[in-house]
Amino acid sequence: MRFENAHIPLNGAWSSPFVRWQGPVAGLSSLDVAAQVTERALRERDGGWDIDELVLGLTVPQRQSFYGAPTLAARLGLGAVTGPLIMQACATSVACVHAAAAGGDGVRLVVVTDRTSNGPHVVYPSPGGPGGAPASENWVLDSFGCDPNTGEGMLATAERVASQGAFTKAEIDAVTARRWSQYEDAVSDDRAFQRRWMVPITAGSKRKPVEIAADWGIRPAALETLEALPAVEAHGVVSYGSQTHPADGCAGLIVTSRPGGPAARILASGFARVARGEMPKAPVPAAATALADAGLTLTEIDVIKTHNPFAVNDLWFARETGADVGACG
């Protein structure tokens, strides 16, 4: 979909640190994290934005998340601001930006937040079941292990596409090590790059607050370390080191039709479905759709940012599009 008048002010985007699951944010509701980080981001940036709508992305339900965006809007003191709640697993962030950009004139606050740590255990009434015993679900772990189309875990999709692409473990490890090198560059010079947009999380207690200002729980991914890790599945090529790990945190941005200053323009977005159990292939047709709607080709793109659960995704994208897999990230 092409957008004609959607902009992100250059000071209108932020993120909390990445906090590895079961870390110091594991006891905080993601709505609490979203409220404190968003309030601080809006206050410190002082962009004078008169917000018309709030788009909330939330994949893992939290207490008091029933009303969605109006709940967070009330906690931020935005008054009678409402908007959609979007739950689309790994595509939640881009779906939220798409919804905000497609909303027409106005100023929209996008907030995406999740806590995969200590995900809810949901109990569903089942009066017709044996003895009336309820059905239950571990929201995070059960969902990670069961794709709705195939009944398989996500790892199976990565191994399937790796096999189809004839990718070796050595290739996958090399891409993962390259991503680690890129991350090291991003946090060099005392995190000078991150400090431009990262907003701390306050954890702990009221008596002993702990400020988390930098990513927490990041493990080095040196090539020799990755090479020493066995594949998760017998005869497979994906190790624990070449897949992302669940995390806690939030991010936000302003999407507006009236930037009033320096801003980045959102040109287009694209979504795609591929064959069942072949999720790592989807970014290719999705990117092609967005580029076509924007009137661009991949050769005109200076930076390619990927968010993929497996290094396999990047290898497939590079092979199918001709992009430099080492330059993506």
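Let me start with what covers the buried residues of helix α9, because in this predicted model that cover includes α10, which spans residues 311-321. The residues of α9 that are buried are Val284, Ala286, Ala290, Leu291 and Ala294, and they sit on the same side of the helix, since the arc they cover around the axis is only 165°.

As for the helix itself, α9 runs over residues 283-294, which makes twelve residues, and from its first C-alpha to its last it reaches 16 Å, close to the 16 Å expected at 1.5 Å a residue. Just after α9 comes Gly295, and this glycine takes a positive phi of about 75°.

Let me turn now to the nonpolar cores. The largest nonpolar core has 30 residues, and the members that touch the most other members are Trp14, Leu54, Leu56, Leu72, Leu109 and Ile201. At least two residues of this core come from each of α1 (30-45), β4 (53-57), α2 (69-75), β6 (107-115), β9 (201-204) and β11 (247-256), and it is α1 that gives the most, with seven residues. In soluble globular proteins, nonpolar side chains tend to be buried together.

Most residues other than glycine have a negative phi, and yet Asp46, which is not a glycine, has a positive phi near 45°. Where is Asp46 found? Asp46 lies in the loop between α1 and β4, and with a relative accessible area of 63% this residue is exposed.

The other residue is Arg191, again not a glycine, whose phi is positive at about 60°. Is Arg191 buried or exposed? Arg191 is buried, with a relative accessible area of 13%, and its place is in helix α7, which covers residues 188-191.

Methods:
Residues are numbered from 1 along each chain as its sequence is written. This is a predicted model: local features need pLDDT of at least 70, side-chain atom pairs count only at pLDDT 80 or more; totals for chains, interfaces and linings use all residues. Side-chain values use heavy atoms; hydrogens and water are left out. Helices (H or I, at least four residues) and strands (E, at least two) are DSSP runs, numbered from the N terminus. The expected span of a helix is 1.5 Å times one less than its number of residues. Buried means under 20% relative accessible area, exposed over 50%, partly exposed in between (1.4 Å probe, protein chains only). The arc is that of the directions from the helix axis to the C-beta atoms. Contact means heavy atoms within 4.5 Å. A nonpolar core is a set of buried Ala, Val, Leu, Ile, Met, Phe, Trp, Tyr and Cys residues joined through side-chain atoms within 4.5 Å.
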